[in-house]
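I want to go through the side-chain contacts here one by one and jot down what I find.

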Amino acid sequence: MERFVVNIEGMHCQGCVKNVTTLLRALPGVSGARVSLEEARAEIDYDPQAIQPARFREAIESAGFDVAG
Ligand code: 9UX
């Protein structure tokens, strides 16, 4: 298991946090995701054999948020 941290722009309330958390946890190969509104970021636990971090950016952006960096 590996952990990936991603900075997210555009989350404005806990509804956003819930949405991002849910979409990340739904990705195959992701075993956990913790999203912080205050820190504007997500920590994702994933299996590198099953998914690559580029997919996290795609999923977050397709939900309407921006990935920083
Ligand atoms: Mo909150 Mo986020 O009202 O997409 S759910 S701003």
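Predicted model: local features only at pLDDT ≥ 70, side-chain atom pairs only at ≥ 80, totals over all residues.

**Salt bridges.** I started with the charged pairs, and I count seven salt bridges in the structure.

I looked up Asp-45 first. Its side chain meets that of Arg-3 in a salt bridge, 3.0 Å from N to O. Where do the two partners, Asp-45 and Arg-3, lie? Asp-45 is in strand 3 and Arg-3 in strand 1, so this pair ties together parts that are 42 residues apart in sequence. Then I checked accessibility for both ends. Asp-45 comes out at 12% relative accessibility, so I put it down as buried, since the cut-off for buried is under 20%. Arg-3 has a relative accessible area of 54% and goes down as exposed, because exposed means over 50%.

Next I went to Arg-41. It forms a salt bridge with Glu-43, and the closest N and O atoms are 3.0 Å apart. Arg-41 has 26% relative accessibility, so I list it as partly exposed.

Do these bridges link up with others, or stand apart? I traced a network of salt bridges that links Arg-3, Arg-34, Glu-39, Arg-41, Glu-43 and Asp-45.

Then over to Glu-61, which forms a salt bridge with Arg-57; here the closest N and O atoms are 3.2 Å apart. Both Glu-61 and Arg-57 sit in helix 2, four residues apart, which is about one turn of the helix. I have Glu-61 as partly exposed at 35% relative accessibility, and Arg-57 as partly exposed with a relative accessible area of 34%.

**Aromatic pairs.** How many aromatic pairs does a search of the whole structure find? I got two.

One is Phe-4 with Phe-56, a tilted pair: 5.9 Å centre to centre, with 50° between the planes. Phe-4 is in strand 1 (residues 2–9) and Phe-56 in helix 2 (residues 54–62), so the pair ties together parts 52 residues apart in sequence. Is Phe-56 buried or exposed? I noted 1% relative accessibility for Phe-56, so buried it is. Phe-4 counts as partly exposed, at 29% relative accessibility.

The other pair is Tyr-46 with Phe-56, and I wrote this one down as edge-to-face: 5.3 Å centre to centre and 80° between the planes. Why edge-to-face? Because the planes are 80° apart and the label needs over 60 degrees. Tyr-46 belongs to strand 3 (residues 41–46) and Phe-56 to helix 2, so this pair ties together parts that are ten residues apart in sequence. Tyr-46 is buried, at 6% relative accessibility.

Putting the rings together, I have Phe-4, Tyr-46 and Phe-56 as one aromatic cluster.

**Ligand.** Last stop for today. Which residues surround the ligand? I found His-12, Cys-13, Gly-15, Cys-16 and Phe-65 around it. I sorted this shell by residue type and got three nonpolar, two polar and no charged residues.

How values were computed. Residues numbered from 1 in each chain as written. Heavy atoms only, no water. Near = heavy atom within 4 Å. Nonpolar A, V, L, I, M, F, W, Y, C, P; charged D, E, K, R; others polar. Phe/Tyr/Trp six-rings, centres within 6.5 Å; stacked < 30°, edge-to-face > 60°. Helix = DSSP H or I, 4+ residues; strand = E, 2+ residues; numbered from the N terminus. Buried < 20%, exposed > 50% of the residue type's maximum accessible area, 1.4 Å probe, protein only. Salt bridge = Lys/Arg side-chain N within 4 Å of Asp/Glu carboxyl O.
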